[in-house]
Amino acid sequence: MAEDEFDGYDDAASVAFIRNYIPQEMKELLSDDDIVYLVDLIYDYYESRGYMDEDLDEDEAIEVDEDELVEYVVRNARKDGVGKFEPEQIRFVVQGELEYCQSINLFD
(Lines give C-alpha, C1' and ligand atoms only; values in the text may rest on other atoms or scores of the structure.)
Protein backbone atom coordinates (compact mmCIF):
# COMPACT_ATOMS: atom_id res chain seq x y z
CA MET A 1 0.00 0.00 0.00
CA ALA A 2 1.39 3.38 -0.94
CA GLU A 3 1.88 5.75 1.94
CA ASP A 4 -0.11 8.51 0.25
CA GLU A 5 -3.21 6.35 -0.25
CA PHE A 6 -4.50 7.38 3.16
CA ASP A 7 -3.83 10.68 4.84
CA GLY A 8 -1.78 10.05 7.95
CA TYR A 9 -1.10 6.38 7.22
CA ASP A 10 2.55 5.42 7.52
CA ASP A 11 3.74 1.93 6.59
CA ALA A 12 6.75 2.07 8.92
CA ALA A 13 4.61 3.26 11.83
CA SER A 14 2.08 0.51 11.08
CA VAL A 15 4.79 -2.16 11.17
CA ALA A 16 6.22 -0.77 14.42
CA PHE A 17 2.74 -0.64 15.98
CA ILE A 18 1.96 -4.22 14.94
CA ARG A 19 5.38 -5.43 16.11
CA ASN A 20 4.62 -3.95 19.56
CA TYR A 21 1.12 -5.45 19.52
CA ILE A 22 1.93 -9.07 18.66
CA PRO A 23 3.23 -11.61 21.22
CA GLN A 24 6.99 -12.19 21.55
CA GLU A 25 6.97 -15.52 19.70
CA MET A 26 5.29 -13.82 16.74
CA LYS A 27 7.96 -11.09 16.72
CA GLU A 28 10.57 -13.76 16.14
CA LEU A 29 8.47 -15.49 13.47
CA LEU A 30 7.64 -12.43 11.31
CA SER A 31 10.03 -10.10 9.53
CA ASP A 32 9.02 -6.50 8.83
CA ASP A 33 8.55 -7.50 5.18
CA ASP A 34 6.17 -10.29 6.26
CA ILE A 35 4.12 -7.79 8.25
CA VAL A 36 3.97 -5.36 5.30
CA TYR A 37 2.88 -8.22 3.04
CA LEU A 38 0.16 -9.34 5.49
CA VAL A 39 -1.11 -5.77 5.85
CA ASP A 40 -1.26 -5.52 2.06
CA LEU A 41 -3.42 -8.66 2.06
CA ILE A 42 -5.71 -7.04 4.63
CA TYR A 43 -6.23 -4.09 2.29
CA ASP A 44 -6.67 -6.43 -0.70
CA TYR A 45 -9.50 -8.01 1.27
CA TYR A 46 -11.04 -4.58 1.97
CA GLU A 47 -10.85 -3.69 -1.72
CA SER A 48 -12.36 -7.02 -2.77
CA ARG A 49 -15.34 -6.31 -0.52
CA GLY A 50 -15.78 -2.74 -1.78
CA TYR A 51 -14.82 -1.16 1.55
CA MET A 52 -12.33 1.14 -0.17
CA ASP A 53 -14.68 2.48 -2.85
CA GLU A 54 -14.71 6.25 -3.05
CA ASP A 55 -18.47 6.31 -3.59
CA LEU A 56 -19.11 4.35 -0.39
CA ASP A 57 -21.58 6.13 1.89
CA GLU A 58 -19.44 7.61 4.69
CA ASP A 59 -22.34 7.43 7.14
CA GLU A 60 -22.78 3.71 6.56
CA ALA A 61 -20.96 1.60 9.13
CA ILE A 62 -18.76 -1.12 7.69
CA GLU A 63 -18.86 -4.41 9.54
CA VAL A 64 -15.71 -6.41 8.87
CA ASP A 65 -16.05 -10.13 9.48
CA GLU A 66 -12.74 -10.68 11.28
CA ASP A 67 -12.89 -14.47 10.86
CA GLU A 68 -13.41 -14.11 7.11
CA LEU A 69 -10.59 -11.54 6.91
CA VAL A 70 -8.18 -13.81 8.81
CA GLU A 71 -9.12 -16.75 6.58
CA TYR A 72 -8.52 -14.61 3.46
CA VAL A 73 -5.05 -13.54 4.66
CA VAL A 74 -4.03 -17.09 5.68
CA ARG A 75 -5.25 -18.57 2.39
CA ASN A 76 -3.51 -15.97 0.21
CA ALA A 77 -0.24 -16.06 2.18
CA ARG A 78 -0.11 -19.83 1.68
CA LYS A 79 -1.01 -19.51 -1.99
CA ASP A 80 1.76 -16.94 -2.49
CA GLY A 81 4.24 -19.10 -0.56
CA VAL A 82 4.93 -16.39 2.01
CA GLY A 83 4.34 -18.54 5.06
CA LYS A 84 2.26 -21.22 6.65
CA PHE A 85 0.68 -19.14 9.35
CA GLU A 86 -2.04 -20.34 11.64
CA PRO A 87 -5.24 -18.29 11.86
CA GLU A 88 -4.49 -17.46 15.52
CA GLN A 89 -1.17 -15.94 14.45
CA ILE A 90 -2.69 -13.89 11.65
CA ARG A 91 -5.46 -12.68 13.96
CA PHE A 92 -2.82 -10.83 16.02
CA VAL A 93 -1.57 -9.01 12.90
CA VAL A 94 -5.14 -8.18 11.82
CA GLN A 95 -6.04 -6.88 15.27
CA GLY A 96 -2.78 -4.91 15.44
CA GLU A 97 -3.51 -3.26 12.09
CA LEU A 98 -7.06 -2.42 13.13
CA GLU A 99 -5.73 -0.90 16.37
CA TYR A 100 -3.14 1.12 14.43
CA CYS A 101 -5.83 2.48 12.11
CA GLN A 102 -7.95 3.38 15.12
CA SER A 103 -5.00 5.12 16.77
CA ILE A 104 -4.62 7.48 13.79
CA ASN A 105 -8.40 7.84 13.26
CA LEU A 106 -8.05 6.46 9.75
CA PHE A 107 -11.64 5.38 9.36
CA ASP A 108 -13.33 8.27 11.15
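**View A. Arg19 and the residues around it.** Leaving aside residues up to four places away in sequence, Arg19 touches Lys27, Leu30, Ser31, Asp32 and Ile35, where a contact means heavy atoms within 4.5 Å. Arg19 itself sits in helix α1 (residues 11–21); helices here are DSSP runs of H or I with at least four residues, numbered from the N terminus. A polar atom of the Arg19 side chain lies 3.1 Å from the backbone oxygen of Lys27. Further along the chain, Gly96 is 77 residues from Arg19, yet their C-alpha atoms are separated by 8.2 Å.

A quick note on the model: it's predicted, so local features need pLDDT of at least 70 and side-chain atom pairs count only at pLDDT 80 or more, while totals for chains, interfaces and linings use all residues. Residues are numbered from 1 along each chain as its sequence is written, and side-chain values use heavy atoms, with hydrogens and water left out.

**View B. Where α1 crosses α5.** The axes of α1 and helix α5 (residues 87–103) come within 9 Å and cross at roughly 125°; axes are lines fitted to C-alpha atoms over the stretch in contact, with angles running from 0 to 180 degrees between N-to-C directions. That makes the two helices, α1 and α5, oblique to each other, the label left over once angles under 35 degrees (roughly parallel), over 145 (roughly antiparallel) and 65 to 115 (roughly perpendicular) are taken out. On the α1 side the contact uses Ala13, Ser14, Phe17, Ile18 and Tyr21, and α5 brings Phe92, Val93, Gln95, Gly96, Glu97, Glu99, Tyr100 and Ser103. Sorted by class, the contact of α1 with α5 has 7 nonpolar, 4 polar and 2 charged residues.

**View C. Where α3 packs on α4.** Helix α3 (residues 32–48) and helix α4 (residues 66–79) have axes 9 Å apart and an angle of about 120°, so α3 and α4 are oblique too. From α3 come Tyr37, Leu38, Leu41, Ile42, Asp44, Tyr45, Tyr46 and Ser48, which meet Glu68, Leu69, Tyr72, Val73, Asn76 and Ala77 of α4.

**View D. The aromatic cluster.** Ring pairs tie Tyr9, Phe17, Tyr43, Tyr45, Tyr46, Tyr72 and Tyr100 into a cluster. Rings of Phe, Tyr and Trp (its six-membered ring) pair if their centres lie within 6.5 Å, and by this rule there are 6 aromatic pairs.

Terms used: Phe/Tyr/Trp six-rings, centres within 6.5 Å; stacked < 30°, edge-to-face > 60°. Polar contact = N/O pair within 3.5 Å; in protein donor to acceptor, adjacent residues only side chain to side chain. Nonpolar A, V, L, I, M, F, W, Y, C, P; charged D, E, K, R; others polar.
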